Structures are given as structure tokens and as C-alpha cells.
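Here are some notes on how the two chains of this model are arranged. Please read them with the structure open.

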There are 2 protein chains.
Amino acid sequence: MPTIIARLTMQEGKETEALEVLRTMAAAVQSEEPGALAYVIHRPKDNPLEIVFFEAYADDAALQAHMQTPHMGTFRSAIGEFFDAPKTKIEQLERIDGFVRPELS
Amino acid sequence: MPTIIARLTMQEGKETEALEVLRTMAAAVQSEEPGALAYVIHRPKDNPLEIVFFEAYADDAALQAHMQTPHMGTFRSAIGEFFDAPKTKIEQLERIDGFVRPELS
């Protein structure tokens, strides 16, 4: 199962706009990508400008589809405007064990 | 919802034992910690020795309980034996948006 941990840094003073962009993106992924099984957005406790995504996809096709959606294009445009683009990091992981309970929705 | 991304590095040549320790730990968390809503173990595609945990707990009490379980004590002992303990990293996150579908189990 392809899994992604991605990190973005919000521009200082642009947090409100950046968080709005993130909420819009999460809603679009939820409504339009059935193969996106998790798309969770976090802030680290020790870094209020950083954003950490945890994303899991049903298969490689679902991940590829995600990268090519119109909302991903819109989101990429917003990265330059409200985030510190050079600090963006994307890490690909393979799940090897563990569980997620149905209460985590 | 308290969320953790933790990273461990397996000692080279001890991968088999390290992976067995991880499987035992995941099974214990699943069977004994109802407040652990996710405990997923991954390997990064570009670093076969690294292990990345994604953990989500129902509340702070569930996270605290996790840290004090007997299986956590056993796991901590194994870290020195099969993992490169100084490379261990634990990051605390707060979830701010997004979703997990029930298909992700």
C-alpha cells in the first residue's frame, strides 16, 4: 500500500490562507478520490509553521491519479503563494505491518 | 487527537530479528490497547534500514497508557539490541484536518 509523508512549511503571516488551502484540498481529495484511503493533515507540536501529511492510497494507480487531479494542480499553485516551497519534502513509504481501527475516521 | 511519527533504524544484519520485534509489538498494541487507533509500521522506499511508525491515539490518556505498557518495556529493551538507538526520533503531531476511510484497516 503506497503511503506518503509530506511536509510543507507555511509562510509566516500567511497561516490563515495556507490552512484554508489545506482544508479545501482535503475536502476535494475526500469527495473525488475513492482510492485515497487516508489524507490526514497535522501540525507538529514544536513547529507551528510546519504541516505534515499522512497519506495512504489503495494502490499505485490511486497515487498516480491523485498527482494528476485538477485540485492537485490548484494546490501546487498555492504552494508558491502561501508556503515556503523549497522546504517541501515528500517521502514514499511501504506499509509492512500494523493496523488502523475503524474509529479513526 | 495525539499522533506520533517515530523513526528507528535497524542494525545492519539484524533486520530479521528487528522485524520480528516490530510484528510482536504491533500485535500487542492491537490486542491490548483499544485507545491506540492506528499503529502502522512502514519502511521508506529509499532507506531499507529505517522504520517509520504512524501512531494515533484516542486521547492523551491512551498515549500515556501506551508508553507504560509491559510490551513497551519489552520493546524498549529490544531497541538497544536490534536497532541503532541514538538514531531514534519521536515527533508529536496534532491532527488538524483530513480523513481516514474505513477501508484502511
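1. The model is predicted. One strand pairing crosses between the chains: β4(A) and strand β2 (residues 36-44) of chain B run antiparallel and are joined by 7 bridges. Within β2(B), B:Pro44 is the residue that stands opposite A:Leu93.

2. How many residues of chain A are in contact with chain B? The count is 33 residues of chain A against 33 residues of chain B. Contact here is taken as C-beta atoms, placed from the backbone, within 7 Å.

3. On the side of chain A that touches chain B, the elements giving two or more residues are β1 (2-9), α1 (15-32), β2 (36-44), β3 (50-57) and β4 (89-100) of chain A. The largest share comes from β4(A), with 10 residues. β4(A) is also the strand that bridges to β2 of chain B.

4. By residue class, the side of chain A that touches chain B divides into 18 nonpolar, 9 charged and 6 polar residues.

5. Why do the copies meet through the same surface? They do so because 100% of the interface residues of chain A are also interface residues in chain B.

Technical notes:
Residues are numbered from 1 along each chain as its sequence is written. Chains are lettered from A and ligands numbered from 1 in the order in which they are written. This is a predicted model: local features need pLDDT of at least 70, side-chain atom pairs count only at pLDDT 80 or more; totals for chains, interfaces and linings use all residues. Two residues are in contact if their C-beta atoms, placed from the backbone, lie within 7 Å. Helices (H or I, at least four residues) and strands (E, at least two) are DSSP runs, numbered from the N terminus. Ala, Val, Leu, Ile, Met, Phe, Trp, Tyr, Cys and Pro count as nonpolar, Asp, Glu, Lys and Arg as charged, and the others, Gly among them, as polar. Two strands pair if DSSP finds at least two bridges between them.
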